[in-house]
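Please keep the sequence and the structure in view while reading.

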Amino acid sequence: RCKNLSVSFWNSYWMLPSDVCGVNCFWEAAFRYDYMKTHPSEKMHLAVVACGERLEETVTMLRSAIIFSIRPLHFHIFAEDQLHESFKDILDEFPYEGKVNYTLYPITFPTESAAEWKKLFKPCASQRLFLPLILKNVDSLLYVDTDILFLRPVDDIWSFLGKFNSTQIAAMAPEHEEPRIGWYNRFARHPYYGVTGVNSGVMLMNMTRIRRKYFKNDMTPVRLQWGEILMPLLKKYKLNITWGDQDLLNIMFFHNPESLYVFPCQWNYRPDHCIYGSNCKAAEEEGIFILHGNRGVYHDDKQPTFRAVYEAIKNYSFGDDLLHSLLQPLELELQKTMHTYCGRVYKVFIKQLSKSIRDLYARRSKG
């Protein structure tokens with residue numbers, strides 16, 4: 001079930017810092033360039049789990065990944081059986097011929113507890129916990145929820161793998177930046193990572209390390225491997241967890257904090273970062289890198305700023321001029337949302353997007 005599509009302009013490039021980036025951002029950009037230069041043909045693996053009415057949302061996410069990314073992508077799409085043909089029909093029509101592959105998988109859980117895992121939190125959401133056990137030949141993986149939009153190349157978050165120290169196995173962003181509105185630190189009835197917990201909607205994993213690691217835990221003095229720890233954790237905490245698999249990950253990294261790399265909030269920017277006032281300083285300075293439209297904000301009128309970005313990427317036709325067909329119409333729509341808290345900072349939604357488009361055209365002119 002693996003198909004080949006094509007993406008143009010796969011040249012390595014220098015990710016120049018933005019005008020407001022400063023020295024720290026310059027060295028961050030230089031590091032990413034160096035990582036890409038020394039890993040020029042490394043394929044990036046991206047996984048998503050789609051159940052129910054998530055087909056359109058998932059396809060829009062995949063489109064956003066393709067638009068700006070540089071190196072080859074392999075999509076691992078876990079979906080209910082009735083969605084497979086629709087995914088196949090849509091992805092096979094993408095106007096590319098190489099550099100992008102996809103594989104479709106059924107939803108699978110351990111046989112003895114499949115029903116319990118499938119209904120945890122949202123349908124199929126806990127599938128992500130089993131990816132290291134299912135994709136045994138994949139060394140590293142970026143897992144994202146269906147409601148993710150990439151506003152810069154996937155290559156850039158992928159390069160964080162090169163920044164892991166010897167003990168780190170995964171990377172996530174904090175659940176909140178402002179503890180006064182944090183959920184975990186106010187309501188959680190279980191251990192969680194750090195001050196405000198972490199959000200698992202964007203999770204970068206060194207799966208080889210995950211499969212090898214023995215995890216400390218509060219169930220036994222014996223350390224357990226990934227495949228051994230999941231069911232005992234669910235049995236112990238299932239009456240105390242609210243956000244399902246994300247809570248289980250928080251519990252695991254509470255006991256193994258040395259194993260987690262935490263990246264800044266603009267790599268997983270959610271409504272919580274602006275609906276009560278802007279509280280992601282990194283996004284204010286550099287823009288949003290990855291947009292996460294949880295709470296269904298792409299599909300209702302509660303947060304029109306998020307919906308405007310989603311609709312712009314969903315309706316963009318590959319090959320059209322990004323400046324006139326995507327960026328300029330989007331900015332006009334965002335200006336209409338200034339009556340909301342998120343709309344008041346609408347420029348953070350296009351700051352990085354503008355730079356990504358400039359960089360893409362610069363690569364094309366060189367290529």
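## The loop around P179

Leaving out residues up to four places away in sequence, P179 touches N185, R186, V195 and T196, where contact means heavy atoms within 4.5 Å. P179 is found in the loop between β7 (170–174) and α7 (184–187), helices (H or I, at least four residues) and strands (E, at least two) being DSSP runs numbered from the N terminus. With a relative accessible area of 34%, P179 is partly exposed; buried means under 20% relative accessible area, exposed over 50%, and partly exposed in between, with a 1.4 Å probe and protein chains only. The C-alpha atoms of P179 and G197 are separated by 10.0 Å, and these residues are 18 apart along the chain.

## Basis of the model

This is a predicted model, in which local features need pLDDT of at least 70 and side-chain atom pairs count only at pLDDT 80 or more, while totals for chains, interfaces and linings use all residues. Residues are numbered from 1 along each chain as its sequence is written, and side-chain values use heavy atoms, with hydrogens and water left out.

## Overall make-up

The secondary structure of the protein comes to 15 helices and 10 strands, and buried residues make up 58% of its 367 residues. Among contacts between residues at least 6 apart in sequence, 74% join residues at least 24 apart.

## The nonpolar cores

The largest nonpolar core has 77 residues, of which L46, F75, I77, L142, F150, Y269 and F349 touch the most other members; such a core is a set of buried Ala, Val, Leu, Ile, Met, Phe, Trp, Tyr and Cys residues joined through side-chain atoms within 4.5 Å. Helix α2 gives the most to this core, with 8 residues. Domain 1 (44–263) and domain 2 (276–365) both give residues to this core, so it lies between them; the domain bounds come from an automatic or database domain assignment.

Neighbours within four places in sequence aside, L142 is in contact with H45, L46, A47, F150, V154, I157, W158, V202, M203 and L204. Apart from this core lies another, of 41 residues, among them L120, F130, Y193 and I241.

## Helices α2 and α12

The axes of helix α2 (residues 55–68) and helix α12 (residues 304–315) come within 9 Å and cross at roughly 75°, the axes being lines fitted to C-alpha atoms over the stretch in contact, with angles running from 0 to 180 degrees between N-to-C directions. That makes α2 roughly perpendicular to α12, a term for angles of 65 to 115 degrees.

In this contact, E56, E57, T60, R63 and S64 of α2 meet Y310, I313, K314 and N315 of α12.

## Two buried loop residues

F109 lies in the loop between β4 (100–105) and α4 (114–118) and is buried, with a relative accessible area of 13%. Not counting residues up to four places away in sequence, F109 touches A114, W117, K118, C124, S126, Q127 and F130. The C-alpha atoms of F109 and Q127, 18 residues apart along the chain, are separated by 7.0 Å.

C274 has its place in the loop between β9 (260–262) and α11 (281–286), and is buried, with a relative accessible area of 1%. Again not counting residues up to four places away in sequence, C274 touches Y269, F306, Y341, C342, V345 and F349. Although 68 residues separate C274 and C342 in sequence, they are 4.9 Å apart in space, C-alpha to C-alpha.

Notes:
Angles under 35 degrees count as roughly parallel, over 145 as roughly antiparallel, 65 to 115 as roughly perpendicular and the rest as oblique.
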